[in-house]
Amino acid sequence: GKITLAGIFRAAPVLYGIYGLIFFSSVLLYALIVYGPPLMEQVGITSPLHIGMFVASMGLASALTSAMYGRIKRRFSYRGIIIVSLLLWAAAFLPLALNTTRVLIAAAFVLYGISQGLLSPACMVWIGEVTPSGYLGRVSSYLGSFAFLGQFASPLLFAPLASGNGAQGVFIASGVSGIVLLAILFAFWRK
């Protein structure tokens, strides 16, 4: 029979989870980029150059991790990679909610960068494995759409939380989201 986009999603419902992970990873990425610099100011990091170096460390960690993705994927399943990514979300954000030091801020950026370096290529490759080649361009382009939606949603989701609870409230919610998604993964993904 004829392959339809709806049929692809019925045959591979994992696509919904992949898009959800990309959405949430972008929400959290922007939480760190927006609310990280005010935390830096609290510990005396005020130079735009130094703030930029912290943010750049996340991109470098992501790039180095994704460059090793082939070796990582040979050792771990998609489930394993996602578990590690979600644990890294919690490890990056929860300490910032409890205490603010230069080391914790730097660790948050690097750990979140590593999680992005694991999750992004895993999602891209996984989509390629579950999508017929004639639809690959369209189905994979939705990754970008969900990433941009996450960037758009981040300030809408976190601004009310930040206005009442400060950056620490944003980081508690961000870290807890990794734990909640991990619980959902364990509850529904049995393989």
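**Exercise 1.** Determine which residues of H2 meet which residues of H3, and classify the contact.

*Solution.* Contact is taken as heavy atoms within 4.5 Å. On the H2 side, Leu29, Leu32, Ile33, Pro37 and Met40 take part, and they meet Ile51, Phe54 and Met58 of H3. By class, this contact has eight nonpolar, no polar and no charged residues. Here Ala, Val, Leu, Ile, Met, Phe, Trp, Tyr, Cys and Pro count as nonpolar, Asp, Glu, Lys and Arg as charged, and the others, Gly among them, as polar.

The model is predicted: local features need pLDDT of at least 70, side-chain atom pairs count only at pLDDT 80 or more, and totals for chains, interfaces and linings use all residues. Residues are numbered from 1 along each chain as its sequence is written, and side-chain values use heavy atoms, with hydrogens and water left out.

**Exercise 2.** Describe how the axes of H2 and H3 are arranged.

*Solution.* Helices are DSSP runs (H or I, at least four residues), numbered from the N terminus. The axes of H2 (residues 14-42) and H3 (residues 48-67) come within 10 Å and cross at roughly 150°. H2 is therefore roughly antiparallel to H3, a term for angles over 145 degrees.

**Exercise 3.** State which helix gives the most to the lining of the largest pocket.

*Solution.* The lining comprises 15 residues, with Gly17, Leu21, Ile184, Leu185 and Trp189 nearest the pocket centre. H2, H5 (78-98) and H7 (136-188) each supply at least two lining residues. H2 gives the most, with seven residues. By class, the lining has 13 nonpolar, two polar and no charged residues.

Definitions and conventions: Axes fitted to C-alpha atoms, helices over the stretch in contact; angles between N-to-C directions. Parallel < 35°, antiparallel > 145°, perpendicular 65-115°, else oblique. 1 Å grid on protein atoms, 1.4 Å probe; cavity = no way out; pocket = protein on both sides within 12 Å on 5 of 7 lines; lining within 4 Å.
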